[in-house]
Amino acid sequence: MAGRRTPRAPLSREAVLGAAVALADEQGVGRLSMRTLAEALGVVPMALYKHVSGKEDLLDGMVDVIVAEIAPALEGHDWRTTVRSRILSARSVLRQHRWARQVLETRTTRTPAVLAYTDSFIGMFLDGGFSVDLTHHVMHALGSRMWGFTQELFDAPDPAEPSSSASLQPDAAQLEEMARRFPNVLRIAMASAHDDDGVVGRGCDDQFEFEFALDLLLDGIEGLHARGWTSART
């Protein structure tokens, strides 16, 4: 019959979480609410509560969605190749979902999906012959790197905040003042002025710096493992 509307597919938790991730990708997680999500799905907000108990449950579920996008551990490779590949896969996922880091940092609930990822990550070291003792300390050392991010030297500017070229380009007087008060900071900042993209410091290549630090850690971990290191006091 002409003008007849196609019935909308029934909601499911998977559909709700998928729509939430898409909305956060498009508008940022700060604008995500049960109301805006309901509007995007074409339903009343109360309809969402059949599938998520509230905003926190929604955010936990969104984390589960992105965890599922991280590539599984490689098979048939040494522990270092496997760990490095997994971390860089996680980083690639987080770069696709820019809101995910902020949400990960605020989660207090460890969902089964998060626990499974962590368990698998620990298993890459244990399967590589690491002792439980060394693996425990390795996990502390890696910290948020297992999720593909770390606290950078300088925080990234908020892309939503307008910025003028004057605020990004110091004039001669500002450079002179920097040279007088903070000469070492200026030397490092000027050394990285070859590139205009990055948040470690203006001009730094975030991906390069992340992999550089990751490889430093893995080199050290590899050395400890080879020496049979233990935290036991002798």
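Trainee: Where is threonine 150 found?

Mentor: Threonine 150 sits in the loop between helix 8 (132-142) and helix 9 (165-168). Helices here are DSSP runs of H or I with at least four residues, and strands are runs of E with at least two, numbered from the N terminus. This is a predicted model, where local features need pLDDT of at least 70 and side-chain atom pairs count only at pLDDT 80 or more, while totals for chains, interfaces and linings use all residues. Residues are numbered from 1 along each chain as its sequence is written, and side-chain values use heavy atoms, with hydrogens and water left out.

Trainee: Is threonine 150 buried or exposed?

Mentor: Threonine 150 counts as buried, at 15% relative accessibility. Buried means under 20% relative accessible area, exposed means over 50%, and partly exposed is in between (1.4 Å probe, protein chains only).

Trainee: And what is threonine 150 in contact with?

Mentor: Arg101, Ser144, Arg145 and Phe210, leaving aside neighbours within four places in sequence. Contact means heavy atoms within 4.5 Å.

Trainee: Switching to charges, how many salt bridges are there in the whole structure?

Mentor: A search finds twelve. A salt bridge is a side-chain nitrogen of Lys or Arg within 4 Å of a carboxyl oxygen of Asp or Glu.

Trainee: Which residue does arginine 84 form a salt bridge with?

Mentor: Glutamate 211 is one partner, with the closest N and O atoms 2.9 Å apart. Arginine 84 lies in helix 5 (residues 79-96) and glutamate 211 in helix 12 (residues 206-226), so the pair ties together parts that are 127 residues apart in sequence. Aspartate 215 also meets arginine 84 in a salt bridge, at 2.8 Å from N to O.

Trainee: Which residues are joined into one network there?

Mentor: Arg80, Arg84, Glu211, Asp215, Asp219 and Glu222, through salt bridges that share partners. Arginine 84 is partly exposed at 23% relative accessible area, as is glutamate 211 at 22%.

Trainee: What about glutamate 39, which residue is its salt-bridge partner?

Mentor: Arginine 35, with the closest N and O atoms 2.9 Å apart. Both residues lie in helix 2 (residues 34-41), four residues apart, about one turn of the helix. Glutamate 39 is exposed, with a relative accessible area of 53%.

Trainee: Now the core. How many residues has the largest nonpolar core?

Mentor: The largest nonpolar core has 53 residues, and Leu48, Leu58, Phe121 and Phe125 have the most contacts inside it. Such a core is a set of buried Ala, Val, Leu, Ile, Met, Phe, Trp, Tyr and Cys residues joined through side-chain atoms within 4.5 Å.

Trainee: What does phenylalanine 121 touch?

Mentor: Val83, Arg86, Ile87, Met139, Leu142 and Met146, not counting residues up to four places away in sequence.
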